[in-house]
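Subject: Structure handover

Hello,

Here is the structure for you to look at. My notes on what turned up follow below it.

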Amino acid sequence: MIEPRLVVERLRRTTDTVIGEADLLERLASGRPLRIKYGVDCTAPDLHLGHAVNLWLMRQLQDLGHQVVFLLGDLTTRVGDPTGRTETRPVLTPAQIEENARSFLDQVSIVLRTDLEVLEVRRNSEWYDGMPVAELLGLFGQVTHAQLMARDMFRERVAAGREIAVHELVYPVLQGYDSFAMRSDLTIVGSDQLFNEQLGRHFQQRLGAPPQVVVTTTITPGLDGRAKQSKSLNNYVALTDTPRDKFGKLMSIPDSLVETYAHVYTELPLDTVAALGSAAAVGGPPARDAKLQLAAAVVTRYHGAGTARTELEAFNRTFSDGQQPAEMPEVSVARQAATVLELLRIVRPDDSRSELRRLVRQGAVAVDGQRVDDPDQVVALAADVLLRSGRRTWHRIRPA
């Protein structure tokens, strides 16, 4: 068995705070497998590198024989987590919740081990659907209005004159009780979930169970260097991105993010991480080379060293040597002609019209190697057309 303090030190690389560290050391020393709570609401899943910081910590513990209890919050999804929200979340249908739950399981398996000894899947409807109203009211009676209103988002809504629905106020209570119901020893979360998980400790103590340890992890800016990674801002690297997309997106980050990303998203030695940060601070070719090493390290972690070498060579061939990639996605279009904007909407369906027009204005779009300045330019589709949109995205448009 690895000495408990060494285990904690291994986790500390991407950890901000540990609440209950003495308890964690004691439980690790006991030799019994810990139950690690990983709870998610079944909203539309699109897990990215930021989410994976927690997953990799859990994976390290799984490799030591501890068990991740993956809690699908199918009941709390009907309530809606108010964290980070200025308005009430829309309610999802049961079919949407089930579809999202399946997708979550698929995505977490990119990092987590799924063998039954180290992964257990639960749903919080297991205890809430059959809970009598009197018992539920008893839970609410153990949390005060003052405790709930201590949440900054609730105070901000009140100050702005926005409504807070009662079901949003009780959401932290439900998430907190989950920790008791599933016998959680440890939970690893972003700092935005600290309040809810502190309520988990509160319930466990009130109901006679050992309080869970709460570990909060580093939250990093998105690819733009400003807000944290999110789908709505399109500033993230998804776990389901192809190796090529991961590599290319990481090459687009500001130089100032290289050291942070290398520290949090890779397993590179810390002296190497510091050297990459110093190189990135110089700018120019040294910064580019630092990003290449960062991108290769991330791709290695998810797809293996061989794939990383392939993507490094492809990137250098395409962008350093000015060549088009040997392989690219193909799209069939059953039309004789289309405007550049129409083609961009086909190959980049998640981007808005204004974002696509901006790509054209920035000179980032080319048809058959010729830069396009007019999004309404008509392109004949009698034969294959090579469409570049952005520095690293190519598509072959084929006539259907």
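Which residues in α3 meet which residues in α15? On the α3 side they are Leu-49, Ala-52 and Trp-56. On the α15 side they are Val-298, Arg-301 and Tyr-302. By class, this contact has five nonpolar residues, one charged residue and no polar ones. Please keep in mind that the model is predicted.

Now the geometry of the two helices. Helix α3 covers residues 49–63, and helix α15 covers residues 284–303. They pack at an angle of about 55 degrees, and their axes are 14 Å apart. That makes α3 oblique to α15. Their crossing is left-handed.

Next, the aromatic rings. A search of the whole structure finds eight aromatic pairs. One of them is Trp-56 with Tyr-302. Their ring centres are 5.6 Å apart and their planes stand at 70 degrees, so this pair is edge-to-face. Trp-56 is in helix α3 and Tyr-302 is in helix α15, so the pair ties together parts that are 246 residues apart in sequence. Both Trp-56 and Tyr-302 are buried.

Tyr-177 and Phe-180 form a tilted pair, with 5.6 Å centre to centre and 45 degrees between the planes. Both lie in helix α10 (residues 166–181). They sit three residues apart, about one turn of the helix. Tyr-177 has a relative accessible area of 8%, so it is buried. Phe-180 is at 25% relative accessibility and therefore counts as partly exposed.

Finally, a cluster. Ring pairs link Tyr-177 and Phe-180 with Trp-127, Tyr-128 and Phe-203.

Best wishes

Note on methods: Residues are numbered from 1 along each chain as its sequence is written. This is a predicted model: local features need pLDDT of at least 70, side-chain atom pairs count only at pLDDT 80 or more; totals for chains, interfaces and linings use all residues. Side-chain values use heavy atoms; hydrogens and water are left out. Axes are lines fitted to C-alpha atoms, for helices over the stretch in contact, and angles run from 0 to 180 degrees between N-to-C directions. Helices (H or I, at least four residues) and strands (E, at least two) are DSSP runs, numbered from the N terminus. Angles under 35 degrees count as roughly parallel, over 145 as roughly antiparallel, 65 to 115 as roughly perpendicular and the rest as oblique. A crossing is left-handed if the near helix is turned anticlockwise from the far one by less than a right angle, and right-handed if clockwise. Contact means heavy atoms within 4.5 Å. Ala, Val, Leu, Ile, Met, Phe, Trp, Tyr, Cys and Pro count as nonpolar, Asp, Glu, Lys and Arg as charged, and the others, Gly among them, as polar. Rings of Phe, Tyr and Trp (its six-membered ring) pair if their centres lie within 6.5 Å; planes under 30 degrees apart count as stacked, over 60 as edge-to-face and the rest as tilted. Buried means under 20% relative accessible area, exposed over 50%, partly exposed in between (1.4 Å probe, protein chains only).
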